[in-house]
Amino acid sequence: MIDEMSDLVYGNLLIVIGRWEQIACYMDGLLAEKNGLLDPEYHDSLLTDDATFTRSKKYFWAIEFLIEAESSVLDNINQARRFVELMNSNPPSEAVARRMFVMRLKKHNTAIQKLEIIREGFMKKKEEAKALRDGVRHDSSTKLLC
Amino acid sequence: MQGLTSLTIGDGLVDPHELEDNDLCPFLSETKVSFFQEPMDEVVWRAVKCHLRCMRVSESEHAALEPKGWMLFHVTFYEILQSQAGEELLDLWPCGELHSDRYRQGRPRKIRESTLTVSRLSPLVHMLMSCSRLLQHLVQSFLDQNLDLYTGRYYACVLTTFLICPTPRAGTTCPANEPTK
């Protein structure tokens, strides 16, 4: 009886994963300072911020959002695991149905693995944003150092 | 996936906090005495509340549902939306500007926290089919693809698509509720 709902949950979970992947792609673009590695002058400029803290604000927002996103993906994982546990507690008795059931379980576990990869990606990205933020000096502080 | 929680703002401004669940989902509130029975009411409203307000379902809520045999799969997530020109939408779900997006070409995109809710509720689909032409179309499309659900003992219902149909107050219109031609 749970099999029908399982397909619906799985199909929609894939869509949710797609949305998270779009967010991950956007964050890659937002924090794409690694492109500056081949441009020393630009890379040096990453150490300073302008008078309105443009770079600092961006990193600050990215860190806060990535904390929230990581927490949200973790909740997705927990919900999916709970559903898989529920499936496991209601296995079908017929052999044919059981084969389908095993396939469904496998698909759900693959989706959970994808969510775990996305979560790890967000955690790494958060550390990257923190490193970038910590490296930034505001104009006024730079002048003081000089 | 988007759900039907985006209202087109007409002449009057509406504060989303003023909208109650009964306003947003009158079908369920008006038929709950005549159709739904405890503990289904409780389950439906818990799911509706979490869905409409984009709230996460706590462990204690799951623990309360499972002994009754009701199943709820509910997740919240974020998604990037393309801004639509010429249409002011009131989003019930948390929604705002995407950081630094104004520097790219085109209209700035939005970022929104959204919800997916799937619940197993038995006779609900039949009732919803008579709710509106749009819902009828959506439910029929769903059933066409999931005939085993229609003929089985249990029906899974995607709340984002079928169950949550906010009916706008005066001054607002819900695009999804406009009659199909």
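Contact, in this tour, means heavy atoms within 4.5 Å. The structure is a predicted model, in which local features need pLDDT of at least 70 and side-chain atom pairs count only at pLDDT 80 or more, while totals for chains, interfaces and linings use all residues. Residues are numbered from 1 along each chain as its sequence is written, chains are lettered from A and ligands numbered from 1 in the order in which they are written, and side-chain values use heavy atoms, with hydrogens and water left out.

**First stop: helix H3 of chain A**

Select A:Glu70, which lies in helix H3 (residues 54-88) of chain A. Helices (H or I, at least four residues) and strands (E, at least two) are DSSP runs, numbered from the N terminus. A:Glu70 has a relative accessible area of 13% and is therefore buried (buried means under 20%, exposed over 50%, partly exposed in between, with a 1.4 Å probe and protein chains only). Beyond its neighbours within four places in sequence, A:Glu70 is in contact with A:Arg119, A:Phe122 and A:Met123.

**Second stop: two loops**

Most residues other than glycine have a negative phi. Select A:Phe53, in the loop between strand S1 (48-49) and H3 of chain A. Its phi is positive, near 60 degrees, and A:Phe53 is partly exposed at 39% relative accessible area. Next select B:Cys54, in the loop between helix H3 (40-52) and helix H4 (59-65) of chain B. The phi of B:Cys54 is also positive, near 55 degrees, and this residue is buried, with a relative accessible area of 8%.

Select residues 110-120 of chain B, which form strand S5. Ten of the eleven residues are buried, so the strand is largely enclosed by the rest of the structure. Two strands pair if DSSP finds at least two bridges between them. Strand S2 (residues 71-81) of chain B pairs with S5(B) in the antiparallel sense over eleven bridges; B:Glu79 stands opposite B:Arg112 in S5(B). Strand S4 (residues 95-97) of chain B runs antiparallel to S5(B), with three bridges, and B:Gly96 has B:Ile111 in S5(B) as its bridge partner.

**Last stop: the lining of a cavity**

A cavity is a set of points, on a 1 Å grid over the protein atoms alone, where a 1.4 Å probe fits but cannot get out; lining residues have an atom within 4 Å of a point. Select the lining of the largest cavity, including A:Gln79, A:Phe83, B:His62 and B:Trp70. H3(A) gives the most to this lining, with four residues.

Conventions: 1 Å grid on protein atoms, 1.4 Å probe; cavity = no way out; pocket = protein on both sides within 12 Å on 5 of 7 lines; lining within 4 Å.
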